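Here is a report on the fold of one protein chain.

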Amino acid sequence: MIGILEDQVQQIAHRLGITKFDIYGSTVDETSAEVDQGKTKKVNAANRASITVRVWGKDNRVGITSTTDLDPVGLAQALESAQQASAFGVKEHIPDFSPALAEPLVDLGDRLAVPAPVSQVIQVLLDAEQQLLSAHPAIVGVPYNGLSQRQLSRFYLNSQGAKRHEQFCYSSIYLYSRAEQEQRKPRSAGAYRVHRSLDQLDVAGCLAEVVDKTISHLDYSKVTSGKYRVVFSPEAFLSLIYAFSSLFNAQSVLDKQSLSSPESIGEAIASPLLNLADFELHPGNISGVSFDGEGTPVGHTQLISQGVLQSFLHSSVTAARLGTKPTGNGSIGAKVSVSPNFFCVTNSNPELADQYHLDQAENVILIDELQALHAGVQSLQGSFSLPFEGWLVNGTERTSIESATIAGDIRQVFSSIIQVDQAVKVTPSGVAPLVWVDGLSVTAGE
């Protein structure tokens, strides 16, 4: 496909008098299912394709357009529209081809898999729902669930002959239970798993996690408001970092929409125990890609080392403005945006990763999931106030917390870390261990 598309685009561009352009695109083949109370609720099969076209016109200004029509007529319309839009392109910090397009991509091997029949997808999900409903009398439903198979194809090409292409597959399952007890509020829990194919998908592990969490949230109690030693689960800590990822986003820094500034590199912003990297090619990242929207190879970017800010995430534009190299975090556009790929949290000092243990902890709050991140985070102020799901831990006893909110400042969280456990968990959004933080404010719900 990529070869045919490249030939068509080159011919159309020559006919339109376009001498400089690039294209990023992707296609997705997906099959997904949902079930409800032993019956199929929804089955979807979809094939989606889209491209984003940039054209450099007069004065080197850039026009951009997107389309889902990849036949020659659609390609011609997209190129012509981008050519016309270039007259209105930005005059400052004009995007250009990535300087890293000549660098080779990491060979990720064969990542394709034969999709399972739709009937098997449905049956696996029906069986999972039934096992979940049978696991405990209080579990009355699985209101949110889904199993999907996806095959993705991504490509980048430009008028100078640069070309990137990759294909991969992955399957994922999501289960979210609902439990009810007399004279108590309903309780819920969820889990997610992803792997290369349906046959490799850890459905049993997903089920076990949902059951364990759901049962542990029964017989909940209120917590007393106050300051607590808090332990963030890997998922909770990663979600907090993503919510404040503008700290490491070079575009946000340059737009003055970040707590960081260009001069922040080299500053201690966290406990010396904390290491943080952006590592898209981590072996546990099943849906990882080898290049970003500009065609830049992705890699390993150390953001925090021993608590010190080491680097920002860059596109080709931000890298040029700050005199460094792009990191593979750009997305193609009239104004190239920057976003994190796959955060990895580790301990910088293994000798200090085993001082505290949950089964010996007293009056410690373990946070499993942070909620309402879209509303409870003020990224420019660094503050947050978020409802959470979790437990009050006293030794081997864990009591689910009825409802409560944790509040603080991300800089306070980073500086108050007293332990980053050694054992890490691979999640769909990153890798992290349990992270212990002292002195955070917890407020009991009404």
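A contact here means heavy atoms within 4.5 Å. On that basis, residues 24 or more positions apart account for 71% of the contacts in the protein chain with a separation of 6 or more. The model is predicted.

**Whole chain**

The protein chain holds 9 helices and 22 strands. Its radius of gyration is 24 Å, close to the 22 Å that the globule rule gives for 446 residues, so the chain is as compact as a globular protein of that length. The C-alpha atoms fill a box of roughly 70 × 55 × 40 Å along the principal axes. Buried residues make up 52% of the 446 residues.

Gly146 has Tyr174 of strand 5 as its bridge partner.

**The mixed sheet**

A further open sheet also has 6 strands, in the order 10-9-8-13-21-20, and its pairing is mixed. Strand 10 (308-309) and strand 20 (425-427) are the edge strands, each pairing on one side only. Strand 8 (residues 274-279) runs antiparallel to strand 9 (residues 300-305), with 4 bridges between them. Phe279 stands opposite His300 in strand 9.

**Helices across the sheets**

| Helix | Lies across | Angle |
|---|---|---|
| Helix 5 (residues 234-243) | strand 8, strand 13 (343-347), strand 20, strand 21 (430-432) | about 120 degrees to strand 13 |

**Helix 1**

Helix 1 (residues 2-16) has 15 residues, which should span 21 Å at 1.5 Å a residue; its end C-alpha atoms are 21 Å apart, which agrees. Its buried residues are Ile2, Leu5, Glu6, Val9, Ile12 and Ala13. Seen down the axis of helix 1, these buried residues fall within an arc of 135 degrees, so they line one face of the helix. An α-helix has 3.6 residues a turn, so residues three or four places apart point the same way.

On the other side of helix 1, Ile4, Gln11, His14 and Arg15 are exposed. The cover over its buried residues includes strand 1 (21-36), helix 2, strand 4 and strand 5. Just after helix 1, Gly17 takes a positive phi of about 75 degrees.

**Helix 4**

Helix 4 has 14 residues and reaches 20 Å from its first C-alpha to its last, close to the 20 Å expected at 1.5 Å a residue. Its buried residues are Val203, Gly205, Cys206, Leu207, Glu209, Val210, Val211, Lys213 and Thr214. What covers these buried residues includes helix 3 (118-134), strand 4, strand 5 and strand 6. The cover also includes strand 14 (364-370) and strand 20.

Key
Residues are numbered from 1 along each chain as its sequence is written. This is a predicted model: local features need pLDDT of at least 70, side-chain atom pairs count only at pLDDT 80 or more; totals for chains, interfaces and linings use all residues. Side-chain values use heavy atoms; hydrogens and water are left out. Two strands pair if DSSP finds at least two bridges between them. Helices (H or I, at least four residues) and strands (E, at least two) are DSSP runs, numbered from the N terminus. Axes are lines fitted to C-alpha atoms, for helices over the stretch in contact, and angles run from 0 to 180 degrees between N-to-C directions. The expected span of a helix is 1.5 Å times one less than its number of residues. Buried means under 20% relative accessible area, exposed over 50%, partly exposed in between (1.4 Å probe, protein chains only). The arc is that of the directions from the helix axis to the C-beta atoms. The radius of gyration is taken over C-alpha atoms; the globule rule is 2.2 Å times the number of residues to the power 0.38.
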